[in-house]
Amino acid sequence: MKIKVLHQIMEWNEDVSASVRQTLDAHNVYMINIMGSPGAGKTSLITGLIGRLGSRFNIGVIEGDIAGQIDAQKIAALNIPAVQLNTDGACHIEAMSIEKILPEFDLDHLDVIFVENIGNLVCPAEFDIGEHLRITILSIPEGDDKVEKYPLMFTETGCLVLNKYDMLPYFDFNETRVAQNYETVNPSAPLFKVSCRSGSGLEQLCAFLTGKITGRRP
């Protein structure tokens, strides 16, 4: 019975995610789902991308958290339309939540929506929320074994951001191990080495995202 119910939930989420994507496509809005562990640097990455892409694209942000509005307030302080999505205990965002929150935005005046998913390397990977691209963040302090431990998260992503790269000298982190494991599970998706603190690597990531965003336009 539990398997049947889970199967029904996943099918229902797929139906809603398709509807979300159709809505976004109708308004030429490109949605990017950013996933990673708590503290991996999801909000810092979003603010870094806003600083470099904001002059070219109109950006909105959906901030997913179990509770609180800390991250949404950080984004709003940048004069970027941001909506807080609290899951009240759920470990991931579902497509229905995105569908309900999209009317909070003026989609005709947006080009991109970043979604900061719940900090988790398991559940978010299983739920399509209607995004066009997924970004997975792995930070240096988390350790180099995460691709092996949580393969779905890294298999179902459009690119991997190895964040806090400036901290590499201070941790026993084997980046070759990560790169090899990532290439095994997701050989066609690029890996970017980024430091949100220094800005290193962000230009390369922005160039990749710009190509994805403009490539979707009619």
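## Buried cysteines

A residue counts as buried when its relative accessible area is under 20%. In this predicted model, Cys-206 is at 4% relative accessibility, so Cys-206 counts as buried. Cys-123 has a relative accessible area of 18% and is therefore buried as well.

What about disulfides? A pair of cysteine sulfur atoms has to lie within 2.5 Å to be counted, and by this rule the model has zero disulfides. For Cys-206, the nearest cysteine sulfur belongs to Cys-196 and is 10 Å away, and Cys-206 is in no disulfide.

## The largest nonpolar core

Let's turn to the core. The largest nonpolar core holds 29 residues, and the members that touch the most others are Phe-114 and Ile-135. At least two core residues come from each of several elements, among them strand 1 (30-36), helix 2 (42-53), strand 4 (112-116) and strand 5 (133-139). Helix 8 gives the largest share, with six residues.

Leaving aside residues up to four places away in sequence, Phe-114 touches Ile-32, Ile-34, Ile-46, Leu-49, Leu-53, Ile-59, Gly-60, Val-61 and Ile-62. There is also a second, separate core of 20 residues, including Leu-24, Val-83, Ile-98 and Leu-110.

## A look at helix 2

Helix 2 is worth a visit too. From first C-alpha to last, its 12 residues reach 16 Å, close to the 16 Å expected at 1.5 Å a residue.

Which residues of helix 2 are buried? They are Lys-42, Thr-43, Leu-45, Ile-46, Gly-48, Leu-49, Ile-50 and Leu-53. Among these, Ile-46, Leu-49 and Leu-53 also touch Phe-114.

Definitions and conventions:
Residues are numbered from 1 along each chain as its sequence is written. This is a predicted model: local features need pLDDT of at least 70, side-chain atom pairs count only at pLDDT 80 or more; totals for chains, interfaces and linings use all residues. Side-chain values use heavy atoms; hydrogens and water are left out. Buried means under 20% relative accessible area, exposed over 50%, partly exposed in between (1.4 Å probe, protein chains only). A nonpolar core is a set of buried Ala, Val, Leu, Ile, Met, Phe, Trp, Tyr and Cys residues joined through side-chain atoms within 4.5 Å. Helices (H or I, at least four residues) and strands (E, at least two) are DSSP runs, numbered from the N terminus. Contact means heavy atoms within 4.5 Å. The expected span of a helix is 1.5 Å times one less than its number of residues.
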